[in-house]
Amino acid sequence: MYTRRDIGRLALASWPLARALAKPDSRVNGVLIGAQSYSFRDRPLDAAIQGFIDVGLSGCELSMGHVEPEFPHSPEGRAALRKWRLTVPLEDIRAMRRKFDEAGIELSAYAYNMRDDFTDQEIARGFDFAQALGVQVMTTSATVSVTPRIAAQAEKYKIVVGMHGHSNVKNPNEYAKPETFLEAMKLSPYIAVNLDIGHFWAAGYDPVTFIEQHHARIVTLHIKDRKKDQGKNMPFGEGDTPIREVLQLLKRKKYPIPANIEYEYQGGDTVVEVRKCYDYCRRALA
């Protein structure tokens, strides 16, 4: 039996061989198919990077879950996490970027979920992490109420932040409705959209139309398949989300928006399932 640490060491040891055999290239007919590293949330960073290599994905939106250590879900744990964020050496974060460089995987964004309980220092620290990772884009599952504080830091750091939505249209403090995204973008040119096409569809909205109208302010897409009317996550091709139509739109219009797989449905082995998602996307772009 291997521990998570053993898996990480084995993954690191295999990277030079993987690069020698073939550098990942998951651009299909001009569309960059990558993945949110949250798709590999069952394993630590080193093994997650190996998962990208095994699937053949050359683009990554890095989840904060692969950067930050886990702390207990308690007031004490929350305080410990805040302390870690504010004190971790940025060289530790730069070292993570080097791992992606060694694996031949491009980081397109850092996903740092900023909520109302974040201090201004914590918000700013996420931008420090983004700079240390060498990315010009952040994504965030944030609340509407915290967004003005995010916008202030985004303008200071000159880093664009894409607001990530879910499908809860009943909560006005969450991103779900098109008008909520549009209001946020009025705050600053550095506030943009990270459109999750599965959630957007399940909430009752058409991602194809939204992308056509607002592509210039969309920094990345999350590709998943959900049933309409708040339906559940499904294997790609078994839900109602217009994945093919979205990918064909990116191809036809040459929109330079990364299309990142987010594996969330109930499946089996993570690498096997993400590979299925990638194969579906490649067929959709044929």
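Contact here means heavy atoms within 4.5 Å. Helices (H or I, at least four residues) and strands (E, at least two) are DSSP runs, numbered from the N terminus.

Which residues of α6 are buried? They are Thr147, Ile150, Ala151, Gln153, Ala154 and Tyr157. Buried means under 20% relative accessible area, exposed means over 50%, and partly exposed lies in between (1.4 Å probe, protein chains only). Just after α6, lysine 158 has a positive phi of about 60°.

## Glutamine 131

Glutamine 131 is part of helix α5. Its relative accessible area is 46%, so it is partly exposed. Not counting residues up to four places away in sequence, glutamine 131 touches Tyr157 and Ile159. Tyrosine 110 is 21 residues from glutamine 131 along the chain, and the C-alpha atoms of the two are separated by 9.6 Å.

## Helix α3

Helix α3 (residues 75–87) has 13 residues, which at 1.5 Å a residue should span 18 Å; the end C-alpha atoms are 18 Å apart, which agrees. The expected span is 1.5 Å times one less than the number of residues.

Gly77, Arg78, Leu81, Trp84 and Arg85 are the buried residues of α3. Seen down the helix axis, they fall within an arc of 120°, so they line one face of α3. The arc is that of the directions from the helix axis to the C-beta atoms. An α-helix has 3.6 residues a turn, so residues three or four places apart point the same way. The buried residues of α3 pack against α4 (90–103) and α5 (120–133). On the other side of α3, Pro75, Glu76, Lys83 and Thr87 are exposed.

## The second largest pocket

The second largest pocket holds about 160 Å³ of space. Of its 14 lining residues, Arg27, Gly30, Leu32, Pro256 and Ile257 are the closest to its centre. On a 1 Å grid over the protein atoms alone, a pocket is an open set of points where a 1.4 Å probe fits, with protein on both sides within 12 Å along at least five of seven lines; lining residues have an atom within 4 Å of a point. Grid points are joined across faces, edges and corners, and the volume is the space filled by probe spheres set on the points.

At least two lining residues come from each of β2 (31–36), β4 (106–111) and α10 (243–253). The lining has 7 nonpolar, 3 polar and 4 charged residues. Ala, Val, Leu, Ile, Met, Phe, Trp, Tyr, Cys and Pro count as nonpolar, Asp, Glu, Lys and Arg as charged, and the others, Gly among them, as polar.

## Basis of the values

Residues are numbered from 1 along each chain as its sequence is written, and side-chain values use heavy atoms, with hydrogens and water left out. Because the model is predicted, local features need pLDDT of at least 70 and side-chain atom pairs count only at pLDDT 80 or more, while totals for chains, interfaces and linings use all residues.
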